[in-house]
Amino acid sequence: MRARPLRTLEPDEISAFHRDGAVLARQVLPPEWVACVAEGLDEAIAAPDRMSEVLDRDLRVDQFPAARVPALRRIIDESPVAEIVATALRSPVRFYMDQLFHKPAGFIPPTPWHQDTSYYNIDGHDVIRAWVSPDRIPRNASLEVVRGSHRWNVTYSPLAGRDPDRDADAKQELESAEGETPMLGAEAHERWSYASGVIDKTLPWVPNIERHRDSYDILGWTFEPGDVLLFHGNILHSARGDVEMETPRRSHASLWAGRDVRYRHRPGQVIPDPVALYAHNPKTGQSLADFPDVFPLAFDPEGAVARR
Ligand SMILES: O=C(O)CCC(=O)C(=O)O
């Protein structure tokens, strides 16, 4: 049986998510689940795996940490997060992948503005991220989004990866992956780095939002333990920083797919597919629902079917 949130989302919170592309759902995660997030993050941070990447010494990002840390897996399988995201999305949801972000106490660097869309081999509008932390995170170190940018209908280039114009190996990989073969194979789960990806040069660069902050409608929040920050999978977002904090800034972000999400082989790839998907040799256009053993239904707001 899946645990329930402290409260159900209000209609105006759901509307805000769809209108703005993000909403801070305040005090929805029960304290025992906040403790579970803390336990999982601490375990993952203490034992990096081969997909843990220190982008610079002040920021670490782990891929798929729930695959190796039981407390984080419980967040996916048993916590109220699935109900919260499904309610906001107004769609049944399947878990796609998760990440961990760790900035140790002291100088907290910003996370640059980016859009997640091109990082994954999926496509769709029903994509939502749940970002949680066991810590209070002040507005100046917390997530920000460009309000409404989830509806701009543009896919931006990832920030990282090899440039096929300057790297002959990357060019060859790109060419040999033409068709349906993913560029990063299952073995990428053994050792992966953002630098292993190959940039799709046809995509536009993210605009310089930080330099022109006044030109954008930027939303941000102070985050309290128990809150769940919900943001759309296609939204432009960053985390503020350039501040000193006495405590680390730890967060866990899970990505959930709703009704319209389909596999899409992208001509560049930055994050490997979930490892169990490789065995299915997915084709562009296939619904994630076609792979129920990899992406089981986690929660259906219209029925109690998927409550574990
Ligand atoms: O926590 C952060 O600093 C960045 C989070 C992020 O970019 C994400 O969850 O997609």
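**Notebook: strand pairing, helix packing and ligand shell**

I looked up E144 and found that E144 stands opposite S238 in β12. I worked on a predicted model, in which local features need pLDDT of at least 70, side-chain atom pairs count only at pLDDT 80 or more, and totals for chains, interfaces and linings use all residues. Residues are numbered from 1 along each chain as its sequence is written.

I then followed the strands (DSSP runs of E, at least two residues, numbered from the N terminus, as are helices, H or I, at least four). Strand β9 (residues 143–146) pairs with β12 in the antiparallel sense over three bridges; pairing requires that DSSP finds at least two bridges between two strands. I traced an open sheet of four strands, antiparallel in its pairing, in the order β6-β12-β9-β10. β6 (111–115) and β10 (218–220) stand at the edges with a single partner strand each, so one side of each is left without a neighbour in the sheet.

Next I examined the helices. Helix α2 (residues 31–46) packs with helix α3 (residues 70–77) at an angle of about 140 degrees, their axes 7 Å apart. Axes are lines fitted to C-alpha atoms, for helices over the stretch in contact, and angles run from 0 to 180 degrees between N-to-C directions.

Last, I listed the residues around the ligand: F101, T111, D116, R129, W131, H237, A239, S251 and A253. A residue counts as near a molecule if its C-beta atom, placed from the backbone, lies within 6 Å of it. I noted that β8 (127–132), β12 (236–239) and β14 (249–257) are the elements giving two or more residues to this shell.
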